Amino acid sequence: MSSDVTPEQLKAVGDAFARHDVDAIVGSFADDGVFRNAKGPDVSGRSYTGKAEIRAFFESLFAGSPNIQWRHTAEYISGNRAVTEWHRSATTTSGERQEWLGCDLYTFRDGKIVLKDTYIKVVG
């Protein structure tokens, strides 16, 4: 079992987000993968478990913010863990402009994401 993540795998995930390619995003997760959004009702935000929940979240996100983009500013890899730092910008379909700095903490298993935990800076 190879648990190490490669720079190529991390780039492929980032490229899928840049393309808004939900199939590729969901395909990068393990079947039991978890996405923890920064915003939500719990101290850990809101968790989406499994490919169906993750797909529904990102389909909704891209529909509500069709111009959303993440510009990676740094990436770090250590074994099966990775961190991406980014600047996120979007305009929602209701006209709200969003600018966030954030990071994702990843855990990989056998080349697939088992945890993507997102953190953001909140302005206001």
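Reply: Helix H1 lies across E3, E4, E5 and E6, and its direction is at about 165 degrees to that of E3. The model is a predicted one. H1 covers residues 7-19, and at 1.5 Å a residue these 13 residues should span 18 Å; the C-alpha atoms at its ends are 18 Å apart, which agrees.

Five residues of H1 are named as buried: Leu-10, Val-13, Gly-14, Ala-16 and Phe-17. Viewed down the helix axis, the buried residues fall within an arc of 155 degrees, so they line one face of H1. The face turned away from this buried side carries Pro-7 and Glu-8, which are exposed. The cover over the buried residues of H1 includes the strands E3 (69-78), E4 (81-91), E5 (97-109) and E6 (112-120). Helices H2 (22-27) and H3 (50-64) are also among the elements that cover them. After H1 comes His-20, which has a positive phi, near 60 degrees.

The sheet itself is open and has six strands in the order E2-E1-E6-E5-E4-E3, with mixed pairing. E2 (45-49) and E3 stand at the edges with a single partner strand each, so one side of each has no neighbour in the sheet. On average, neighbouring strands of this sheet are turned by 20 degrees against each other, direction ignored.

E2 and E1 are antiparallel, paired over five bridges, and Arg-36 stands opposite Ser-47 in E2. E1 and E6 pair in the parallel sense over four bridges; here Val-34 is opposite Leu-115 in E6. Between E5 and E6 the pairing is antiparallel, over eight bridges, and Asp-104 stands opposite Thr-118 in E6. E5 and E6 form a hairpin with two residues between the strands, where Asp-110 takes a positive phi near 50 degrees.

With a relative accessibility of 41%, Glu-75 counts as partly exposed. Leaving aside residues up to four places away in sequence, Glu-75 touches Leu-10, Val-83 and Thr-84. Leu-10 is one of the buried residues of H1. Glu-75 and Tyr-119 are 44 residues apart in sequence, and their C-alpha atoms are 15 Å apart in space.

H3 also lies on the sheet: this helix lies across E1, E2, E3 and E4, running at about 50 degrees to E1. Aromatic side chains provide a view of how H3 and E1 meet. The structure holds ten aromatic pairs. One of them joins Phe-35 and Phe-58, with 5.0 Å centre to centre and 40 degrees between the planes, a tilted arrangement. Phe-35 is in strand E1 (residues 29-42) and Phe-58 in helix H3, so this pair ties together parts that are 23 residues apart in sequence. Phe-35 and Phe-58 are both buried. Phe-58 also pairs with Phe-57: the ring centres are 4.9 Å apart and the planes stand at 85 degrees, so this pair is edge-to-face. Phe-57 is buried as well.

These rings belong to one aromatic cluster, made up of Phe-17, Phe-35, Tyr-48, Phe-57, Phe-58, Phe-62 and Trp-70. Phe-17 brings the account back to H1, where Phe-17 is among the buried residues.

The loop between H3 and E3 holds Ser-65. The relative accessible area of Ser-65 is 5%, under the 20% limit, so Ser-65 is buried. Not counting residues up to four places away in sequence, Ser-65 touches His-20, Ala-90, Thr-91, Thr-92 and Gln-98. Of these, His-20 is the residue that follows H1.

In short, H1 lies across E3, E4, E5 and E6, while H3 lies across E1, E2, E3 and E4. The buried residues of H1 line one face of that helix, and the pair of Phe-35 and Phe-58 ties E1 to H3.

Terms used:
Residues numbered from 1 in each chain as written. Predicted model: local features only at pLDDT ≥ 70, side-chain atom pairs only at ≥ 80, totals over all residues. Heavy atoms only, no water. Expected span 1.5 Å × (residues − 1). Buried < 20%, exposed > 50% of the residue type's maximum accessible area, 1.4 Å probe, protein only. Arc of directions from axis to C-beta. Contact = heavy atoms within 4.5 Å. Phe/Tyr/Trp six-rings, centres within 6.5 Å; stacked < 30°, edge-to-face > 60°. Pairing = 2+ DSSP bridges. Axes fitted to C-alpha atoms, helices over the stretch in contact; angles between N-to-C directions.
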